[in-house]
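Have a look at the sequence and the model first, and then we'll go helix by helix.

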Amino acid sequence: MNLVVFENNKPLVINEFRAGRFDYVELASEVAETRFFEFLFGKHIVAKLAEHYPAPRQREHVPLWF
């Protein structure tokens with residue numbers, strides 16, 4: 001079983017890191033995610049994908065894979 005814990009207490013994380021008490025470190029950045037989605041929306045990629053995405057309010061009588 002894998003246990004994943006994200007700690008949002010920066011001083012605690014820095015102290016634990018300096019003490020060498022860590023098994024795995026992963027960067028989780030809201031800034032990176034924000035820039036990624038700004039890029040997607042800025043290039044109109046999301047709008048282009050949405051044109052081909054089925055509307056959940058419309059019933060498809062023929063399967064899309066067909």
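Helices here are DSSP runs of H or I, at least four residues long, numbered from the N terminus. Keep in mind that this is a predicted model, where local features need pLDDT of at least 70, side-chain atom pairs count only at pLDDT 80 or more, and totals for chains, interfaces and linings use all residues. Residues are numbered from 1 along each chain as its sequence is written, and side-chain values use heavy atoms, leaving out hydrogens and water.

What comes after H2? Histidine 44 follows, with a positive phi near 60 degrees. Most residues other than glycine have a negative phi. Histidine 44 sits in the loop between helix H2 (30-42) and helix H3 (45-52). At 52% relative accessible area, histidine 44 is exposed (that's over 50%; buried is under 20%, and partly exposed is in between, with a 1.4 Å probe and protein chains only).

Next, the rings. The whole structure holds one aromatic pair, made by phenylalanine 36 and phenylalanine 37, edge-to-face at 5.3 Å centre to centre with 75 degrees between the planes. (Rings of Phe, Tyr and Trp, the last by its six-membered ring, pair if their centres lie within 6.5 Å; planes under 30 degrees apart are stacked, over 60 edge-to-face, the rest tilted.) Phenylalanine 36 is partly exposed at 47%, and phenylalanine 37 is partly exposed at 44%.

Finally, valine 25 lies in the loop between helix H1 (10-18) and H2, and is exposed at 54%.

Note on methods. Helices (H or I, at least four residues) and strands (E, at least two) are DSSP runs, numbered from the N terminus.
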